[in-house]
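Let me put the model up, and then I'll walk through a few pieces of it.

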Amino acid sequence: MKKKIDNRIRTLIENNVKKNHRSFFVIVGDRGKDQVVNLHYILSHAAIRPRPTVLWCYKKELALSSHKKKRMKQIKRMALKGLVDKESDNPFELFMSSTQIRWCYYAETHQILGQTFGMCVLQDFESITPNLLARTIETVEGGGIVVLLLQTMTSLRQLYTMTMEAHQRFKTHSHNDLVPRFNERFILSLAACKSCLVVDDELNILPLSNHMLTLRPIGERKKMREREFEAMMLGRKPQSNSKANAGEREGKISEGEEGEEEETEESIAEKEKMEKEAVMREAEELTSEWSGAKAVAAVLGRLLPLAKTADQCSVLNQMLRSLAFSPVGAGAAVQSSETAASPPITVSVTAPRGRGKSAALGLAIAGGVCLGYSSVVVSAPSPENVSTVFEFVMKGLAALDYAEHTDFEARRSTLASQMKCVVEIHVTKTHRQRIFYVGPGALNTVAAGQDLVVIDEAAAIPLPLLKSVLLGSADSKRGRSLSERAAGGTGRDSVGDRGSGVVIVSSTISGYEGTGRSLSLKLMRELRRISVPNPQLAAALSRPSLRESGKKAGKEEDAKHKPSQQQQSQQVTQARSLVELELSAPIRYSMGDDVESWLNSLLCLSAAYPGASAGGASSLAVPSASLAFPPSHLAILSDPPSPAECSLYQLNRDTLFSFHRGSELFLQQLVSLFVSSHYRNSPNDLLLMADAPAHPLFVLLPPISKTANTIPFIITAVQIAYEGSISRDIVLSSLARGQRASGDMIPWTISNQYQDPAFAELSGARIIRIATQPQLQGMGYGLRTVELLRKWMEQNVASDESASITANRDIEATASIVQQTEQDDSSSDDDEDDEDDDEGEKLGQKKRMKKADGTSVDASSSSSSGSSDASTQLYTEQLLPRPTLPPLLLPLFGSSSSSSSETVAHPPRLQWLGTAHGLTLPLLSFWLKTGMIPLHIRQTPNEQTGEHSCVMLMSLRHRVSHKRKGNKKTKGKKKSRKSSKSSSSADHSMNDSSDEQSDEEDEEDEDEDEDNIQSNWLEAYSADFTSRLCTLLSFSFSSFSTALALSLVDPKKQLVGLLQRRSDANKEKANRNDEKVQAAWESAFAASFPRLSAKTLPLHLSDYDMKRLESYGKDLVDFHLVMDVIPTLAALFFTRRFRCEATLIQQSLLVAIGLQRKGIDELAEELTLPVETLLVQLQKLIRKVYSALHELK
């Protein structure tokens, strides 16, 4: 039976087609796929364009076959079962046979990057992740439709508790109680998307889409007002029907948005055309001012009209100018003395999703071919990622009067997995020219010797591979490592070595594919550091300076790492000129797209650091939670508080992901901080933060005033994971099979490395991420955060006293701010609900009343039965954020003077605190200052970052906060203190408090002494790690810099960091603790590595070795005579087998020559010291070592 579709569905699709925006439909029901045909039919007739293509994504089973023959067999089998009506046609079969559908597994969605579709269908909701949402939805063009298929359910609240497939990766042996929070926020956010409709499988609109009650076609309001004006001119009274009143009332509500709603596709196109013409006129004027670039004018005149937006036009103009300025560009016609002597050029193009980046690259390649580039390499994770690039290459060649099959020929891949994509173009018009695709694996080999290298979707390519292509071996010649040369050492030539090629690197910066923001936060920082100014190129691009074209945040960071004049002189021959370009205007759809705003707000994709750049993510559609800094936050940045004044709080994740406005503002600020400080970010991190068990979040906040009316400013944010407490039987079974379960990274790693199953039984916490505001880094906030976190974990609050500990007054101020924000939201929502209810009554709908938990039932049914019918609950419920929530912030340390009834956050019983990070010298130095010690380094570098993973730990010494019964000595001390009190009452009171405090300190000392005696596993592990590292530094870690290797292998540096975190107000107590820790450290090394003696020395050094050392110390022989002895001396020295004082330079010589097997010339170049100076220091060191060893005899 046919049924009339609600007009609002057609109106929504047609309005978005006119505005070049996308529509979002959520279909609830098992027959939702049948309604995809109707939506596609409406879309096909709403736009005058080719039939929209469809992207259909699913997990495993499609429930239908995409192959025609298989589909016919399936229809026959269904007919035998009586499931097919032979008298009626099957619209879905007709839809599948007449529509171009791209069937795609969720696991293969990386292959659709760079492609555009008119419609996207997502099924198997339980398999969807935030990464998949960002990948698939952003492939839909403006005017298209996104469809999400859900199974039949009686209430959308069933999705709140649905177990997703990604949740299985979050569970561990000791933490498997998962609380889903992301789905609730996802469903509640649908009501905030104005272009979203939630319908059933018969296209009946559900109450969640109540904003569609007043939906009007574009232009209807204007016609209504024209009729009213005509009636007034004729002296007639305007009609006062319900629709007119509703329209008038709506006009008052959205008066400020009327201009946007009346903006049609024609007006948008006219505006873009005017902007493009302005850019083209500017390009023509600049071309005439640039000497030697007249040959580029014809190319620009042909290709710029193909650009769709003014932003794309400007970026294409800059890329073509960079190509023309290179010595390869336009052959001898454009070459001059200024271009021939210029360094090679690297162009960086970054853009959010859907900005026309791939199309601009294709047009730039076509222009490069016309300018004379003979060999062009295009690389991406897969050929499907560059299908748009090759498509626009052919369009650009056609615009430049290149005829296909005559002047150029395109060749497609014959592999079935590459979907017949174009992988090579041969051009033969003037001379032989070639454009071909190369996979990332062969890029480093093929890129050498090419005129132009174009890398698209660079964030999905391993970072060390990009560095080797862009920077080559020039970095090794300077003595510095690229992520400690994890990918280097091959000695092959690269683009960076050859020095004549142009490299264009482009990537999507929304952070949902590959390594996230590694391109902008690590690679671009390295390129800025080694880039040299090029005034001629800057003049050609009409720019004041190349270094001024970088981002503000990047420039501030580069200033810290600016090389010296000597290093700059060494870099001139190897450095490259850097041109940074950004695209911000969307090309698939128009600005102000509601689906983009909803997606950016839901997944925090636009949560970039405010003020970090002028374009890019900050140019995205602004979500509901604005990221701009209020004046109070700017005041903190300009005059930051002391780290000692800041307090650490634990976040309540139920409140953080509740979709209240105050919580959303705080969440956006939190994700913004993580994104700005880390390069490995993806939307899946949001799912981990929300749903993963035992993953608490902590924030360091400045002092909060009770009169403040803004969301607190986050200085530092920390995400940790509780790990350990694994059964001994499970550990032994896994170690015997050589397998390990997911999660519990540090317990499994340490237990496997040291073959000690007892460690996995301990409980601990791993710091996953810690991030500080970029403008406040290096000021001690990170160290303060780790210190407070350690103190909180070391305390052991007694159960009988926990109720008396209360929150401090900062929480009261924060709670009032969030409560006031939520009250403002509820009042505005109530106004909108009243208007929607009035409109609903005129449309014949029943009035609903809300329950306390946010649900709603029919008023008549609730008065009679008290519960709604399960079959009609889907059509009557209203989903709202929970009205009552616990406080967002919980202090870690309470104050008894506070009058609040809230309690503090209680720590679990933990034995260690650790972290795992990519091994770099700055990160290692930071974690050493916190008191952590390295215990494991992965011998193979990470495939994405090229860094070796490092695991660092510290042991926790628990203190008991309540009083214990002291021994007789303690009681005697108390009596002696009391007998020496003053007779004054005031003095009595003061002495009483001081005595109690000293008694508690003595009791804490006793507890800490017991923990220090029992927990010596850390020192034993460290001694074994040092011994193994002394050997591995000559193998897997030989590419480490000398400073990094010395920081790892020298136990004294680790001991200093361990003692620094034991600071205390009582100096005597701190000294006692330091002595105990140092004694435990010495005993652990002595137990593992006994001291050398006269009997054991010949086992390591023969008499001939001792004679050679003596002769070299007296300057009688050359240093080559003792080179074979230095590795043995270095191993004995760093394992503390004998006592010998050495300077920092002398220790560096031992590490580099003795452990890493570096040559003296290589070390001199790395340390920028003369070889003679190093030889003098080496001779002094040998004298000291010989004297120390000679005393043993």
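So, in helix α5, Pro130, Asn131, Leu132, Leu133, Ala134, Arg135, Thr136 and Ile137 are buried, where buried means under 20% relative accessible area, with exposed over 50% and partly exposed in between, using a 1.4 Å probe and protein chains only. That's 8 of the 8 residues, so α5 is largely enclosed by the rest of the structure. Helices (H or I, at least four residues) and strands (E, at least two) are DSSP runs, numbered from the N terminus.

Before I go on: this is a predicted model, where local features need pLDDT of at least 70, side-chain atom pairs count only at pLDDT 80 or more, and totals for chains, interfaces and linings use all residues. Residues are numbered from 1 along each chain as its sequence is written, and side-chain values use heavy atoms, leaving out hydrogens and water.

What do the buried residues of α5 pack against? They pack against β2, β4, β5, α6, α24 and α28, counting contact as heavy atoms within 4.5 Å.

Now, the sheet. There's an open one of 6 strands, ordered β3-β2-β4-β5-β1-β6, with parallel pairing; two strands pair if DSSP finds at least two bridges between them. At the edges sit β3 and β6, each pairing on one side only. β2 and β3 share 5 bridges in the parallel sense, and Leu55 stands opposite Arg102 in β3.

Last stop, strand β23: 6 of its 7 residues are buried, so this strand is largely enclosed too. β18 runs parallel to β23, joined by 4 bridges, while β25 runs antiparallel to β23, with 7 bridges.
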